[in-house]
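Let's take a walk through this chain together, going from its overall build down to single residue pairs. Keep the viewer open as you read.

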Amino acid sequence: MKNGWEAVIGMEIHTQLATETKIFCGCRVEFGGEPNANTCPVCLGLPGALPVLNRRVIELGARAALALGLEIQETSIFARKNYFYPDLPKGYQISQYDRPFSANGKLTIMTADRDDHGHAREWRPMTIEIVRMHLEEDAGKNVHEGLPETDKYSYIDLNRAGTPLGEIVTGPDFRSSWEAYDYVNHVRRVLQWVGASDADMEKGNLRCEANVSVRRVGESSFNNKVELKNLNSVRFMQKAIEFEIERQIAAHESGEGVNQETRLWDEAKQETRVMRSKEDAHDYRYFPEPDLQPLRVTAEFIDRVTGEMPELPDAMRDRLMEGYSLSYADASQLVADRSLAEFYEAAAKASGNPRTTANYILSELGRELNNAGKTAAESPVSADGLAELIKTLDAGKINNNQAKEVLVEMFASGRTAAEVIAEKGFEQVSDEGAIAKIVEEVIAANEAQVAAYRGGNEKLFGFFVGQVMKASQGKANPKVVNELLKKAL
Ligand SMILES: [Zn+2]
């Protein structure tokens, strides 16, 4: 590490569980709805309103916990976290404190150091301790811009109040910004993969905070840490951590020291700045929520959810490498998204050519999907449709360049490979009888060249190939043409 210093980083991720309704009431969860339209006495925090736990939160929470290697606790307890803020009209948030929903997680991710251009060097596994994932409600939102007279007023939108969250907390296990970066991307992908959360950072339904401190290599105690917030993308987070590591090393070396505080990332200035000094847990005066029973989860429930879990992306990546002889890089790209991975496997099985199928998905089809802003599940070319094209290619009926052109046309028009090939007149003639006839005609029409070729001018072979291809309007299978010409000459 830098000048004998090492970074110590712990991560907190808040992820919105993908329910239709809120955690303690029946109000709809909707992104971008009319302000305050999705509210009721419970999520407005009116006196006397009573929370009722949404069962779906527990199912999705269980999926998230299992995907992250956490143990679901038999009993967990909701607690009030007391603080005042305009977007929290109750004066407390219902969260969990000393008895979280799940704990004791071990999660193995893949990580890599990066060069100056951000390109990964060697990928290596890294196991992280996930201390806990507890369940809680989100607060509302204060709106300070984009509405009339926001220079004079702030607005409060409570649509988000009561949206279910899982808060995922790691140990101080990360030693670099890139490890934290790879971790957040891993978590995002598995949460989407198992359907626990949309985990879309742009919509704010996955938010992360990093606790960063630095210490001399070899020290086991911790120095003051800084909590970084306002990290709107994984890349911003990585840059914020990097900046903070450098800032803290300089502050320790100059003797100025580091304050325990919360800092925000300012993307425009590429620096962190102080938001507030950090509260301790005792400032929140947690106590058990008297309006909710302790949450008890049965072994049968956990067994059922476990049985419904899909194969996780890293396991699928390893299986694709093993079963279809794919490289780590290709298999990793294919499992970046569950619909893409499933599309690949269906197409590879149907085509019988996993290698070429991977190539076409990662280049031509991937590019078309990207340009159209579609996922593999929305692809106008189905897995079977792609497999049909690859089988036609493998049978030698069309060549590689033609197959690529056909795929682009299939994507644009939604037609089958056979239809596009017929329309473009790409179908190669492999019928030996038909080609042999053309070969005969070409030989008969070019006596002088035949004599010269037989006299030793072997360069003329290309001339004959060209003549046959021309006579067949480019449709003759070049392999068959070569064989028949050699025989005839
Ligand atoms: Zn409500």
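Helices and strands here are DSSP runs, helices of at least four residues (H or I) and strands of at least two (E), numbered from the N terminus. Counted that way, the chain has 16 helices and 16 strands. Please bear in mind that this is a predicted model.

**Overall build**

How spread out is the chain? Its radius of gyration is 31 Å, well over the 23 Å that the globule rule gives for 489 residues, so the chain is more spread out than a compact globule. Along the principal axes, the C-alpha atoms fill a box of roughly 100 × 55 × 55 Å. The chain is divided into three parts: domain 1 spans 2-300, domain 2 spans 311-424 and domain 3 spans 432-488. Between the centres of domain 2 and domain 3, taken over C-alpha atoms, there are 36 Å.

Of the 489 residues, 36% are buried. If you look at contacts between residues at least 6 apart in sequence, 69% of them join residues at least 24 apart.

**Nonpolar cores**

In soluble globular proteins, nonpolar side chains tend to be buried together. Here the largest nonpolar core has 65 residues, and Leu68, Ala180 and Ala210 have the most contacts inside it. Which residues does Ala210 touch, leaving aside those up to four places away in sequence? They are Ile9, Met11, Ala180, Leu228, Leu231, Met237 and Ile241. A second, separate core has 35 residues, including Ala347, Ile361, Ala383 and Ala417.

**Strand pairing around S7**

Strand S7 covers residues 124-137 and pairs with strand S6 as well as with strand S10. The table sets out both pairings.

| Strand pair | Partner strand of S7 | Direction | Bridges |
|---|---|---|---|
| S6 and S7 | S6, residues 102-111 | antiparallel | 9 bridges |
| S7 and S10 | S10, residues 164-170 | antiparallel | 7 bridges |

Then turn to Arg132, whose bridge partner in S10 is Val169.

Finally, have a look at helix H14, residues 447-454. How many of its 8 residues are buried? The count is 0, and helix H14 is hardly covered. Gly456 follows H14, and the phi of Gly456 is positive, near 120 degrees.

Conventions:
Residues are numbered from 1 along each chain as its sequence is written. This is a predicted model: local features need pLDDT of at least 70, side-chain atom pairs count only at pLDDT 80 or more; totals for chains, interfaces and linings use all residues. A nonpolar core is a set of buried Ala, Val, Leu, Ile, Met, Phe, Trp, Tyr and Cys residues joined through C-beta atoms within 7 Å. A residue is buried if 20 or more other C-beta atoms lie within 10 Å of its own, exposed if 12 or fewer, and partly exposed in between; C-beta atoms are placed from the backbone. Two residues are in contact if their C-beta atoms, placed from the backbone, lie within 7 Å. Domain bounds come from an automatic or database domain assignment. The radius of gyration is taken over C-alpha atoms; the globule rule is 2.2 Å times the number of residues to the power 0.38. Two strands pair if DSSP finds at least two bridges between them.
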